[in-house]
Amino acid sequence: MPLQRFRPISGRCKLCRGEVEIHLASNENAPEECPKCGQEIEACPTLTAPQMKINVKPSVSNAKSAGFKVFKKLDGGELEQQ
Ligand SMILES: [Zn+2]
């Protein structure tokens with residue numbers, strides 16, 4: 001069973017420390033919420049070794065330039081792609 005890494009979209013979490021590993025069966029969809037903290041999560045991109053440690057707080061522009069979809073939370077709880 002593959003072990004997939006996920007992280008909260010906000011990039012910050014005290015409960016899962018910004019990353020959670022979830023066993024996914026092949027017929028199972030990726031979860032949308034962190035099982036530990038309930039934040040919306042996204043799959044971590046697969047990193048090639050050695051793993052890069054980035055200590056800079058992620059920003060929207062950085063995320064966009066890295067090719068990630070960036071969402072912001074609206075008042076109604078809906079997500080709007082920026
Ligand atoms: Zn979390």
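Reader: What makes F6, I9, V20, C34 and I41 the largest nonpolar core?

Author: This is a predicted model, and in it those five residues form the largest nonpolar core. A core needs buried nonpolar residues joined through C-beta atoms within 7 Å, so F6, I9, V20, C34 and I41 are counted together as one set.

Reader: And how do you know that F6 touches V20?

Author: Contact means C-beta atoms within 7 Å, so V20 passes that cut-off with F6. F6 also touches I22, C34, I41, E42, A43 and C44, leaving aside residues up to four places away in sequence.

Reader: Why are β1 and β2 called paired?

Author: Pairing takes at least two bridges, and four join β1 (residues 3–8) to β2 (residues 20–23), so the two strands qualify. They run antiparallel, with R5 opposite E21 in β2.

Reader: What makes β1 and β3 a pair?

Author: Again the threshold is at least two bridges; β1 and β3 have three, in the antiparallel sense, so they pair. P8 has I41 as its bridge partner in β3.

Reader: Where is confidence lowest and where is it highest?

Author: The mean pLDDT is 80, and 77% of residues reach 70 or more. Strand β5 (residues 79–81) is lowest at a mean of 70, while β3 (residues 41–43) is highest at 93.

Notes: Residues are numbered from 1 along each chain as its sequence is written. This is a predicted model: local features need pLDDT of at least 70, side-chain atom pairs count only at pLDDT 80 or more; totals for chains, interfaces and linings use all residues. A residue is buried if 20 or more other C-beta atoms lie within 10 Å of its own, exposed if 12 or fewer, and partly exposed in between; C-beta atoms are placed from the backbone. Two residues are in contact if their C-beta atoms, placed from the backbone, lie within 7 Å. pLDDT is the predictor's confidence in each residue, from 0 to 100.
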